[in-house]
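The following explanation is intended for a reader who meets this structure for the first time. Please keep the sequence and the three-dimensional view at hand while reading.

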Amino acid sequence: MRKLGLIGVLCTLSVGMLFAQIVPDSLRFTIKDHYAKETMAVVGLLQNYHYRSMELSDSLSEVILNQYLDALDQSRIYFYQSDIEIFKNKYGKQLDNQLYQGDVTAAFAIYKVFDTRFNERMAYVKDHLVNTTFDFSTNETYQTDRSLLPWPSSESEMNDVWRKMVKSQYLNLKLSNKPTEEINKIITERYSRLEKSTHQLRGGDVLQFYLNEVAESFDPHTNYFSPSTSERFLQAMSLSLEGIGASLITENDYTKVAAILPGGPAFKSKLLKANDRIVAVAQGQAEEPFVD
């Protein structure tokens, strides 16, 4: 019998449960002593039980690095090209050797650079773009899918990418007949939430990002779950928690209903249908204020 994606569940049950009682991270991006054991356990499971029977190598090291960089910055809006070149020169053929030893310093070093770049971008948005009056009479374009584009090579190029990105978001809201004051408020709150949620990440989250890319380098359907993610996964599998019963995707600046799941709350309510855009949400009674 082929093991296929079962290694993801194996990682969940064996590694996730093993370290579930470890004291939570109290400092951002601190490399805990147990991370080495956790990493070596994942590597052992992948190499000994995965159906592809692959060995960590220099070529796989490059795949892991590229996938990790894409996971952190798929839209190419945080890292500079110079950052990427440094990462590839320093870690491109070293991650396999480090993983065998349980060494995840490369993952944390890269993430700390990402965190710095993220903070720079949030400062730029707040200082230069929020409440800006955009000129829509100029003839310019913005590529919404930047996953295949190069990383910006300079600060001015990066700033221009962000200017166009926020301008595109502003235009989408304007086309939805939002007044200027509300548009400014929505965009300000949107980036405030992004900044808050990103700053809540800790070392365990960074480890999950990294080990998940290690697992996916063996097979795109193989994943690593941290203890908290493992708990949510098991809850979902046991149906102990229930969502709205709709598959959602992000399209431009909106959350869009991709499909209604038969038998779920959305299906029974008959209020949602595929291709609906969710532009705001509220909790509880209808008189509750809707938020972005």
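The paragraphs below proceed from the chain as a whole to particular helices and contacts.

The model shown here is predicted. Its chain contains 11 helices and three strands, and from the N terminus on these elements follow the order α-α-α-α-α-α-α-α-α-α-β-β-α-β. Of the 292 residues, 38% count as buried. Among contacts with a separation of 6 or more, 67% are between residues 24 or more positions apart. The accessible surface of the chain comes to about 16,800 Å², and carbon and sulfur atoms account for 53% of that surface.

Helix α3 comprises residues 58–73. At 1.5 Å a residue, its 16 residues should span 22 Å, and the end C-alpha atoms are 23 Å apart, which agrees. The buried residues of α3 are L60, S61, I64, L65, Y68, L69, L72 and D73. The elements that cover them include α4 (81–91), α5 (95–100), α6 (105–129) and α9 (203–218).

Helix α6 also holds R117. With a relative accessible area of 18%, R117 is buried, because the limit for that class is under 20%. Leaving aside residues up to four places away in sequence, R117 touches Y78, F79, Y80 and D83. With D83, the side chain of R117 makes a polar contact to the side chain at 2.9 Å.

The salt bridges come next. Side chains of opposite charge can pair when their charged atoms come close. The whole structure has 11 salt bridges. One of them joins the side chains of E195 and K126, at 3.3 Å from N to O. E195 lies in helix α8 (residues 180–199) and K126 in helix α6, so this pair ties together parts that are 69 residues apart in sequence. E195 counts as buried at 17% relative accessibility, whereas K126 counts as partly exposed at 48%.

A further salt bridge links D160 and K164, whose closest N and O atoms are 3.6 Å apart. Both residues lie in helix α7, four residues apart, about one turn of the helix. D160 is partly exposed at 31%, and K164 is partly exposed at 22%. These two residues belong to a network of salt bridges that links E140, D160, R163, K164 and K167.

Finally, the surface carries a nonpolar patch formed by F136, L171 and L175, with about 270 Å² of accessible area together. F136 is found in the loop between α6 and α7 (155–175) and counts as partly exposed at 32% relative accessibility.

Technical notes: Residues are numbered from 1 along each chain as its sequence is written. This is a predicted model: local features need pLDDT of at least 70, side-chain atom pairs count only at pLDDT 80 or more; totals for chains, interfaces and linings use all residues. Side-chain values use heavy atoms; hydrogens and water are left out. Helices (H or I, at least four residues) and strands (E, at least two) are DSSP runs, numbered from the N terminus. The expected span of a helix is 1.5 Å times one less than its number of residues. Buried means under 20% relative accessible area, exposed over 50%, partly exposed in between (1.4 Å probe, protein chains only). Contact means heavy atoms within 4.5 Å. A polar contact is a pair of N or O atoms within 3.5 Å; within protein, one must be able to donate a hydrogen and the other to accept it, and residues adjacent in sequence count only if both atoms are side-chain atoms. Patches are made of residues with over 30% relative accessible area and no salt bridge: like charges are joined within 9 Å, nonpolar side chains (Val, Leu, Ile, Met, Phe, Trp, Tyr) within 5 Å. Accessible areas come from the Shrake-Rupley method with a 1.4 Å probe; for residues, only the protein chains shown count as cover. A salt bridge is a side-chain nitrogen of Lys or Arg within 4 Å of a carboxyl oxygen of Asp or Glu.
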